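Dear colleague,

I am handing over the structure we spoke about, and my notes on it follow below. Please bear in mind while reading that this is a predicted model.

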Amino acid sequence: MTVEKQLKYDLAYLKMAKEWAKLSYCKRRQVGALIVKGKMIISDGYNGTPTGFENICEDDENYTKWYVLHAEANAILKVASSTQSCKGATLYITMSPCKECSKLIHQSGIKRVVYAQAYKDNSGLKFLEKAGIELVYLNE
């Protein structure tokens, strides 16, 4: 695929991830993620509480509850419970991954991460870079 065509797809999938983020019940920050393999969306996710928990992400002091799942973790876990594989896939995410999610991304076989906003702690990005995962920052 040409660089120009790849950029066109990257922007489109990132726009879809931004729409997906709007499904999150989290008030502090809404994050969306898509996993794409061979021009096909194989998974999606947004940050939120685990299945069966009330859709309230923040505690009384407005801190995010410790058990809230990040968007990329949700998307990777969906793939794990399907017949698909993340091996060689691209992750599109509205915010760069934290260090915990970066481990999941690497371990799942994702080879490329396209993100729209940088998270305050860049140790996740540094880890992914060290792991040889292609990182693309696209802020429209």
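**Strand 1 and its two partners**

Strand 1, which spans residues 32–37, is mostly covered, since five of its six residues are buried. This strand pairs with strand 2 (residues 40–46) in the antiparallel sense, over six bridges, and four bridges join strand 1 to strand 3 (residues 90–93), again with the strands running antiparallel. Leucine 34 illustrates both pairings: in strand 2 its bridge partner is aspartate 44, while in strand 3 its bridge partner is tyrosine 92. The hairpin formed by strand 1 and strand 2 has two residues between the strands, and glycine 38 in this hairpin takes a positive phi near 60°.

**Helix 4**

Turning to helix 4 (residues 123–130), the buried residues are Gly124, Leu125 and Leu128. These three lie on the same side of helix 4, because they cover an arc of only 95° around the axis.

What do the buried residues of helix 4 pack against? Their contacts are with helix 3 (99–108), strand 4 (112–115) and strand 5 (134–137). Just after helix 4 there is a glycine with a positive phi, namely glycine 132, for which the value is about 85°.

With best regards

Key. Residues are numbered from 1 along each chain as its sequence is written. This is a predicted model: local features need pLDDT of at least 70, side-chain atom pairs count only at pLDDT 80 or more; totals for chains, interfaces and linings use all residues. Side-chain values use heavy atoms; hydrogens and water are left out. Buried means under 20% relative accessible area, exposed over 50%, partly exposed in between (1.4 Å probe, protein chains only). Two strands pair if DSSP finds at least two bridges between them. The arc is that of the directions from the helix axis to the C-beta atoms. Contact means heavy atoms within 4.5 Å.
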